[in-house]
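This report considers side-chain contacts between charged groups and between aromatic rings. The sequence and the structure are shown first.

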Amino acid sequence: MASVLQLGRNDVDRRNFILASSGYALSALGLPDMDSITRRTTTVSPGAVRVGRGEVAAVRHMVKALGDSASELGGGHARHLAVRYMAQDVAPWLEGRFTEATGRELFAATSQLVHLA
């Protein structure tokens, strides 16, 4: 998983121009309250983020929304959003604290996001 996340980070770092536009693209998807989905990712140290079913649901919701967008508009439109979401929002959750069951669900949902990307 670390190599996939590094690939995503490299992709995001190489495409800094996407950072300026991806917020607008995400808002066009009509997702509910993006702050509530990403509010726990601003902590300083790895492992400090407490991950629960809400974060797993957020990843699943994004996979569905981005998958629907890719189906309608083509994969190129959703790929950079999926990679950015994975690298900047999901990565701290993967390094966070969670129960074994939540961890399995989180990694399963993340694998769907990786497949989409």
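In this predicted model, the structure holds 4 salt bridges. One of them joins Arg53 to Glu105, whose closest N and O atoms are 2.9 Å apart. Arg53 belongs to helix 4 (residues 53-73) and Glu105 to helix 6 (residues 100-116), so this contact ties together parts of the chain that are 52 residues apart in sequence.

Glu105 also meets the side chain of Arg60 in a salt bridge, at 4.0 Å from N to O. This second pair again links distant parts of the chain, with Glu105 in helix 6 and Arg60 in helix 4, 45 residues apart.

A further salt bridge is formed by Glu100 and Arg104, with 2.9 Å between the closest N and O atoms. Both residues lie in helix 6, where they are 4 residues apart, about one turn of the helix. Through shared partners, salt bridges join Arg53, Arg60 and Glu105 into one network.

**Accessibility of the charged residues**

The residues named above are listed here with their relative accessible areas.

| Residue | Relative accessible area | Class |
|---|---|---|
| Arg53 | 56% | exposed |
| Arg60 | 41% | partly exposed |
| Glu100 | 64% | exposed |
| Arg104 | 51% | exposed |
| Glu105 | 22% | partly exposed |

Buried means under 20% relative accessible area; Glu105, at 22%, therefore counts as partly exposed. Exposed means over 50%, so Arg104, at 51%, falls in the exposed class.

**Aromatic pairs**

The structure holds 2 aromatic pairs. Tyr85 and Trp93 form an edge-to-face pair, with 6.4 Å from centre to centre and 80 degrees between the planes. Tyr85 is buried, having a relative accessible area of 2%, and Trp93 is buried as well, with a value of 0%.

The other pair consists of Phe98 and Phe107, whose ring centres are 6.3 Å apart and whose planes meet at 70 degrees, so this pair too is edge-to-face. Phe98 is partly exposed, with a relative accessible area of 26%. Phe107 is also partly exposed, at 31%.

Which class of accessibility do the rings of each pair share? Tyr85 is buried and so is Trp93, whereas Phe98 is partly exposed, as is Phe107.

Definitions and conventions. Residues numbered from 1 in each chain as written. Heavy atoms only, no water. Helix = DSSP H or I, 4+ residues; strand = E, 2+ residues; numbered from the N terminus. Buried < 20%, exposed > 50% of the residue type's maximum accessible area, 1.4 Å probe, protein only. Phe/Tyr/Trp six-rings, centres within 6.5 Å; stacked < 30°, edge-to-face > 60°.
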